[in-house]
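Hi,

Here is the model I promised to pass on.

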Amino acid sequence: MDIFVQILLNSLETGGIYALAALGIILIFRTSVTTNFAQGSISMFSAFLATIVLIRTGISPISAAIVGMIFALIIGVLVDFFVISRAQKVNPVSKQIITLGLIMIFLGLAPMLFGTDPLQFPRFVYGSYSFFGATISYNAIFNIVVGLALMGVLFFALQKTKWGLSVRATASNEVVARMMGIPTASVTRASWAIAAALGTLSALMLAPTNSVNLSMMDTVQVTALLACILGGFTSFYGAVIAAYLIGFASNLLSFYVSSIWSDSILYLLILTTILFKPTGLFGKKVIKKV
Amino acid sequence: MDNMPDKVLKVENLSIAFGGLKAVDNLSFDINEGEIFGLIGPNGAGKTTVFNCITQFYKPDNGDIYFRTNTGEVENLVGKKTHEIIGKGLVRTFQNIELIRELTVVENVMVGAHIEFKSSLFNQFFRLKKTRQEENRMRKRAEEILDHMGLSSIKDMLVAGQPYGVLKKIELARALMLNPKLIILDEPAAGLNDSETLSLVNIIKEIKTERNCSILLIEHDMKFVNGLCDRICAINFGKLLAIGTPGEIQENEQVQIAYLGKEDY
Amino acid sequence: MNNKLMNFYKSHKPYSQFILFGIILSLLPLLVSLGLVKYSLLTTVASILIYSIVALGLNLLLGYSGLISLGTAGFMGMGTYLTAFITADLGLPFELALIISVAVPMVIGVLTGLVSLRIEGYYLAIATLAISEILRKVFVEFDFITNGFSGKQAQYPKLLGFLQLDRNGTYILIVFFLILVMIMMHNLVNSHTGRALSTMRGSEAAASAMGINIYRHRLLSFAIAVSFSALGGVLYMHFVKYTYPNAWILMLSLNILAVIVIGGIRSISGTILGAFIVFGVPDLILKRLPIIGSIDGAAYIFNGLLIILVILFYPNGLINMRFDIQKNFNKLFRRGEDNNG
C-alpha cells in the first residue's frame with residue numbers, strides 16, 4: 001500500500017512536469033496549427049540560461065527559475081517574431097519542419113554558449129515528509145503545487161478573461177477570429193512565449209534529478225507529444241489529464257515491470273491505444289468539409 | 001435484385017445532419033439511363049451535401065443510394081469507402097478544381113484511370129515491359145480525350161497557370177478516362193464566361209450521346225440547366241421541392257418562391 | 001516561358017545523366033590514389049552518397065506523400081546492427097544480410113505505419129520519434145547482439161561469396177546503389193504510383209475520387225522510405241565498419257530531412273545537392289574556417305537556419321535557384337539590349 005502511495009506521489013510530480021510541457025505544445029498547436037517539436041530544445045536552452053544565472057549570481061533556485069522563465073518568454077517572442085509570424089502562409093507540414101529547424105539551431109547554439117558539460121541545478125526546496133509510510137520531498141510537493149497552480153491560472157485565464165477568449169477564438173478558427181478583430185498575431189506570439197516559459201519550468205523541475213544537459217528534455221519532449229496525442233490535439237484539458245495519466249503509468253511500469261523499458265512499453269501502449277481511439281481519449285472528431 | 005429498371009441511380013430517403021442542423025432531409029430522386037439530370041437549389045440548399053453523400057465523401061445518417069454499376073448490377077453505395085466509388089463506374093468533378101499543379105495536363109488526366117493500372121511496384125521501379133505498355137496505352141487514351149476537347153496543344157504543359165475554363169475541361173477529361181456510367185458535375189458552369197459555357201454545354205451533350213453515359217449536374221445557373229437537362233430536381237433547405245422537365249420546374253410555384261429575386265430564368 | 005522551363009526540367013531525363021554522374025563519382029578513388037585529393041575526401045563523399053540514398057527515400061515520403069518521419073536514424077541504425085550481426089557474428093553472406101537488414105526494418109516500419117497513418121499525418125512524425133527512441137534503447141540494452149555502448153564492427157563486403165571488396169571497392173558499391181536508387185525513384189515518380197502520390201499530396205479529395213486508397217499509399221511510401229534508410233545503414237556499416245548507439249540520434253534524422261528541404265523537395269538532383277550542402281559543407285568548409293570551425297554545433301546552426309530560410313523564401317529548394325538565376329540573367333540581358341537599341 002505504501003509503495004502504491006509512493007508511486008502515486010511520484011506520479012503527481014512526473015505528471016506535472018509532462019503536463020506543463022504538453023500544455024505548451026497544445027497552446028501553440030491550437031493557436032497557430034503548428035506541432036512545436038522544438039519545445040524541448042527551447043526549454044533546455046532557457047534552463048541553461050537560468051542555471052548560468054544561478055551559478056554566476058548565486059540567487060535562489062526559485063528566483064533563477066523566474067529569471068529563466070522570463071528569458072523563455074523573450075525567446076518565445078523572438079522566435080515568433082523572426083520566424084513563425086513570417087510562416088503564416090506556409091503549409092502545415094512545412095511549419096513543422098520549421099520547428100525541426102529550430103531544434104537544430106538551439107541544439108547548436110547551446111553547446112556554443114554553454115559548453116558541453118552538464119550543469120547542476122538544485123532543488124527549489126529541501127527536506128522531506130513522511131506520509132502513510134511513503135516519503136515525499138518538500139520539493140516534490142512544491143513542484144506539484146506550483147505546476148497545478150500554474151495550470152489552474154492558465155485555465156482560469158482561458159475561460160474567464162478576454163485574452164483567454166481571444167485564444168479560444170483563434171484556436172477555433174483563426175481566419176474568422178482575425179476578421180472579427182481579434183489580434184491573432186498577438187495571440188500566437190503570446191502562446192509561443194507562454195509555451196516556452198512552461199517548458200522551461202518543466203525543465204527546471206526535472207533538472208535536480210537529471211542535471212542540465214543537452215538531452216535533458218528528450219524524453220519529456222516525446223512524452224509531451226504523446227500526451228497531446230493521447231489526450232487529443234483538439235482539447236486543452238485532454239493533454240494535461242493525459243500527461244498525468246502517463247506519469248502515473250510510467251512510474252507504475254517502472255516499478256512493477258522494468259525501469260529500463262518502462263518508457264518504451266509506455267510509448268507502444270499509447271500508440272496502440274490511438275489505434276482504437278484515433279482522436280484521443282478526450283478529443284472530438286472533426287469532419288472535413290469537401 | 002433490380003428495383004430500378006432503366007435507371008442508373010436511385011436515391012431513397014437520403015438524410016444527413018451536421019450537429020443538429022439537417023442538411024439533407026429525406027430526399028429521394030432517380031436518374032434514368034442516358035439522362036442529363038440537374039440538381040438545383042439556391043446557395044446553401046444542400047446540393048453539394050447530397051453530392052458528397054452519393055460519392056461517399058460524407059456518410060449519410062439515413063437512406064440508400066442505389067447505383068447501377070458498370071457490370072450492370074445494382075449496388076447500394078452507402079457504406080462504401082470513398083475510393084471504392086470510381087471502380088463502380090461513378091466519377092465526380094470538383095467545384096474548386098482539384099487538379100495537381102505539379103503534374104502535366106496529360107498526367108493529370110491519366111490519374112483518372114488509376115485503378116486500371118495493374119503493374120507491380122517492382123515493375124514500376126525498373127520500368128519493365130508491363131509498366132511501359134500500360135503507360136503508353138493510358139497516355140494514348142488521355143491524349144485522345146484531350147484532343148477531342150481541343151486541348152492537345154497544352155497536353156505536356158504543367159497544369160499550374162492554365163486558365164480556369166481550361167482547368168474545368170481538364171477535370172472533365174480526367175473524369176472520362178474510365179468511361180463511367182454516371183458523371184457527377186459539381187457546378188460545372190461556375191466561373192465560366194459565355195463562350196466557355198457554350199463550349200461546356202456542347203461537350204456535355206457529346207458525352208451523353210457518344211459515351212452512353214448519364215450525367216448529374218449540380219448547378220444554380222438556371223439558364224445553363226434549362227438548356228441542357230432532360231429532367232431537373234429542385235431542392236431547398238435539404239428538402240425536395242419538385243422533380244420534372246425544365247418546363248415543369250419553371251412553372252412550379254414552390255420553385256418560383258424559392259428562387260424569387262435570386263435568379264432570372 | 002517559365003512553364004516550358006519547368007516542364008523541361010520535369011520531363012524524362014534519360015538514365016544516361018544518372019549513369020554519367022555515377023561514372024564521375026567512381027573516378028574519385030583514382031584521384032585519391034593519384035594524390036590529387038585527400039584520402040579523407042573519399043570518406044566524406046561516401047557518407048554524403050549514403051545519406052543521399054536515405055534522403056531519396058525520405059523525399060518520396062515527404063515530397064510526394066507530405067509526411068514527416070523522425071525515425072530515419074533509428075531505421076538506419078537497425079540496418080547497421082542487423083547486417084553486422086548477420087555477416088560478422090553469423091558469418092552469413094553479404095547478399096543475405098542485405099536482404100534481411102532491409103526487410104526487418106521495413107516490417108517494423110509497416111507496423112508503425114499501420115497504427116499511426118490511420119490518423120492525421122502529424123501522428124507519423126510523433127510515432128516515428130517514439131520508435132526511434134525505443135530503438136536507441138534497444139541498441140544499448142540488447143548488448144548480446146549490439147555490444148551496447150562499445151559499438152559493433154563489421155568488414156568490407158564480400159560479393160557473391162568470393163569477391164572481397166576493399167575500401168575503394170565498397171565505395172564503388174555505394175555509388176552503384178545510389179545510381180540504382182536514383183533510377184528507381186525517377187521511374188516510380190513517372191509511373192502511376194508516383195502520380196497517385198502526387199495527387200494524394202495535392203488533393204486528398206481528388207485522390208479518393210480517383211480511386212486512390214490514401215491510407216495504403218501512405219503506408220507504401222513510408223515502407224519505401226524505411227527500406228532506403230535501412231539500405232543506407234547496411235552500406236554505412238560495411239564502409240565505416242563501426243556502429244554505436246549514439247550515432248543514431250534525432251539530429252541525424254533532422255539532418256537528413258534538411259537534405260531534402262534545402263536541396264529540393266521532389267527533386268532527385270535536389271536531394272544530391274542537399275546532401276552535399278548539409279553533410280558536405282560542415283566537413284569541407286565550416287570546420288576549416290578560423291573561429292567558427294572550432295565551435296561544436298556550428299554545423300547544426302547552419303543547417304537549421306538554412307532549413308528555415310529555404311522554407312520561408314525558397315520553398316522549392318535551392319535546386320530551383322538556377323531557374324531564377326536564369327530568369328534574372330535574361331532580364332538583365334534584355335534590358336541591356338533595350339538600352340543599346
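Let's start in chain B, where B:V11 has B:F29 in β2(B) as its bridge partner. Before going further, the housekeeping: this is a predicted model, so local features need pLDDT of at least 70 and side-chain atom pairs count only at pLDDT 80 or more, while totals for chains, interfaces and linings use all residues. Residues are numbered from 1 along each chain as its sequence is written, and chains are lettered from A and ligands numbered from 1 in the order in which they are written.

**The sheet in chain B**

Strands here are DSSP runs of E with at least two residues, helices are runs of H or I with at least four residues, and both are numbered from the N terminus. Two strands pair if DSSP finds at least two bridges between them. β1(B) and β2(B) make a hairpin with two residues between them, and B:G19 in the turn has a positive phi of about 55°.

β1(B) also runs antiparallel to β4 (residues 62-68) of chain B, with five bridges between them. Put together, you get an open sheet of four strands in chain B, in the order β2-β1-β4-β5 with antiparallel pairing. β2 and β5 (74-76) of chain B are the edges; each has a single partner strand, so one side of each has no neighbour in the sheet.

**Where the chains meet**

Contact here means that C-beta atoms, placed from the backbone, lie within 7 Å. Between chains A and C, 35 residues of chain A and 36 residues of chain C take part. On the chain A side, the elements giving two or more residues are α4 (92-114), α9 (218-231) and α11 (262-276), with α4(A) supplying the largest share, 16 residues. That side has 26 nonpolar, eight polar and one charged residues. (Nonpolar is Ala, Val, Leu, Ile, Met, Phe, Trp, Tyr, Cys and Pro; charged is Asp, Glu, Lys and Arg; the others, Gly among them, are polar.)

Between chains C and B, the contact takes 23 residues from chain C and 32 residues from chain B. In chain C, α1 (2-10), α9 (167-189), α10 (192-202) and α11 (204-209) each supply at least two residues of that side. The largest share, seven residues, comes from α10(C). By class, the chain C side has nine nonpolar, 13 polar and one charged residues.

**Cores**

The largest nonpolar core has 275 residues, and A:A22, A:L226, A:A227 and A:A243 have the most contacts inside it. A core is a set of buried Ala, Val, Leu, Ile, Met, Phe, Trp, Tyr and Cys residues joined through C-beta atoms within 7 Å. Buried means 20 or more other C-beta atoms within 10 Å of the residue's own, exposed means 12 or fewer, and partly exposed is in between, again with C-beta atoms placed from the backbone. A second, separate core of five residues includes A:L9, A:L12, A:A140 and A:I144.

**Two loop residues in chain C**

Most residues other than glycine have a negative phi. C:N147, in the loop between α8 (143-146) and β1 (152-153) of chain C, has a positive phi of about 65°. C:L160 sits in the loop between β2 (158-159) and β3 (163-164) of chain C, with a positive phi near 50°. C:N147 is partly exposed, with 18 other C-beta atoms within 10 Å, and C:L160 counts as exposed, with 8 inside 10 Å.

Cheers

How values were computed: Two residues are in contact if their C-beta atoms, placed from the backbone, lie within 7 Å.
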